[in-house]
Amino acid sequence: MAVLDFERPIVELEEKLEGLRRYAEQEGVDLSDQIARLERELERLREEVFSKLTPWQRVQLARHPDRPYALDYINMMTTDFLELHGDRYFGDDPAVVGGLAKLGGRSVVVIGQQKGRGTKENIARRFGMPNPEGYRKALRLMKLGAKFGLPVISLVDTPGAYPGIDAEERGQAEAIARNLYEMAVLPTPIVVVIIGEGGSGGALGMGVGDRILMMENAWYSVIAPESCSSILWRSHEKKEE
C-alpha cells in the first residue's frame with residue numbers, strides 16, 4: 001500500500017490498533033478500553049490531518065496510486081458492463097474505456113479516462129492521457145447513447161491530453177474541440193464526475209455535461225501544477241505554490 005508523508009502517522013496508529021486487536025484475540029485478554037481509546041485517537045488524528053490539507057496535498061491524494069480509477073468505479077457501481085473499443089477512424093486508445101452497462105437496472109453508456117496500476121500498465125495507458133482516438137471513441141459511444149436514448153456517465157481522471165507529436169499529427173486539438181461541441185448539443189443527459197485529476201483540455205474533452213460532480217480530494221484546473229510552475233518559473237520546484 002502506498003503511503004503519502006502526511007498519511008504516515010495515521011497508518012502507524014492503524015497498525016498499532018490492528019496489532020492490539022490481534023493480541024487480544026490470540027491471548028484471550030480484554031483490552032477493550034485500550035482499543036476504544038486508540039480508536040478515538042485514530043478518529044481525532046484523521047480529522048485533524050484531513051481537515052488541514054494544503055492544495056498540494058489534495059493534488060497528491062487525487063494522484064494516489066491506491067485511489068479508485070474509472071474501471072474500479074464501473075465494476076463497483078454497474079452490472080453487465082460490455083466494453084466497446086475503437087474510434088472507427090484510427091484505432092483503440094487504452095487511456096479511454098467505455099461501453100454499455102446497467103446502473104440501478106437502467107441501461108447507460110459509461111466512459112472514463114483510465115490510468116494504470118503498475119509501470120507497465122501506466123505506460124500502455126499513457127498515465128491516463130488520451131490520444132485523439134480516445135476522444136473520438138468516447139464521442140462514438142456518446143452518440144450511440146443518444147441514438148438509443150441512453151444517458152451518458154463520464155468519469156474524468158487525467159492530468160491532460162497526451163502531448164506527443166503523433167497525437168498532434170492525428171488532430172488532438174480538433175478531437176477535443178469536436179467533443180466540446182458535440183457534448184454541448186447531445187440530445188441525451190450527460191453526468192460528468194471528476195474522480196481524480198481534471199487537467200485542462202484533456203479533461204474538458206470528456207467533461208461537458210448537464211451535471212458535473214467532483215469526488216472529494218479531486219482537482220479540476222486549466223493546467224497541472226507542474227506545468228504551471230514550468231511556465232511561470234521555468235522549473236517544477238514551485239509546483240506546491
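**View 1. Lining of the largest pocket in the predicted model.** Helix H3 (55-62), strand S7 (219-221) and helix H10 (225-233) each contribute at least two residues to the lining of the largest pocket, in a structure that is a predicted model. Among these elements, H10 gives the largest share of that lining, with 4 residues. The space within the largest pocket amounts to about 220 Å³. Its lining is made up of 15 residues, of which Val59, Ser221, Ile223, Ala224 and Pro225 are the closest to the centre of the pocket. Sorted by class, the lining of the largest pocket comprises 9 nonpolar, 2 polar and 4 charged residues.

**View 2. Helix H6 and the elements around it.** After H6 comes Gly149, which has a positive phi, near 70 degrees.

**View 3. The salt bridge between Arg46 and Glu14.** The structure contains 18 salt bridges, and one of them pairs Arg46 with Glu14, with the closest N and O atoms 2.5 Å apart. Arg46 belongs to helix H2 (residues 32-50) and Glu14 to helix H1 (residues 8-27), so this pair ties together parts that are 32 residues apart in sequence. Both partners are described as partly exposed, Arg46 having a relative accessible area of 32% and Glu14 one of 28%.

**View 4. The salt bridge between Arg22 and Glu18 in helix H1.** In this pair, Arg22 forms a salt bridge with Glu18, and the closest N and O atoms are 4.0 Å apart. Arg22 and Glu18 are 4 residues apart in helix H1, which means that about one helical turn separates them. Arg22 counts as partly exposed, with a relative accessibility of 45%, and Glu18 likewise counts as partly exposed, at 36% relative accessibility.

View 5. Glu197 and Lys115 form a salt bridge in which the closest N and O atoms are 2.6 Å apart. Glu197 is located in strand S5 (residues 190-199), whereas Lys115 is located in the loop between S3 and helix H5 (119-124), so the pair ties together parts that are 82 residues apart in sequence. Glu197 is buried, since its relative accessible area is 4%, and Lys115 is buried as well, with a relative accessible area of 6%. Through salt bridges that share partners, Lys115 and Glu197 are joined with Arg63, Asp157 and Glu226 into one network.

Key
Residues are numbered from 1 along each chain as its sequence is written. This is a predicted model: local features need pLDDT of at least 70, side-chain atom pairs count only at pLDDT 80 or more; totals for chains, interfaces and linings use all residues. Side-chain values use heavy atoms; hydrogens and water are left out. A salt bridge is a side-chain nitrogen of Lys or Arg within 4 Å of a carboxyl oxygen of Asp or Glu. Buried means under 20% relative accessible area, exposed over 50%, partly exposed in between (1.4 Å probe, protein chains only). On a 1 Å grid over the protein atoms alone, a cavity is a set of points where a 1.4 Å probe fits but cannot get out, and a pocket is an open set with protein on both sides within 12 Å along at least five of seven lines; lining residues have an atom within 4 Å of a point. Grid points are joined across faces, edges and corners, and a volume is the space filled by probe spheres set on the points. Ala, Val, Leu, Ile, Met, Phe, Trp, Tyr, Cys and Pro count as nonpolar, Asp, Glu, Lys and Arg as charged, and the others, Gly among them, as polar.
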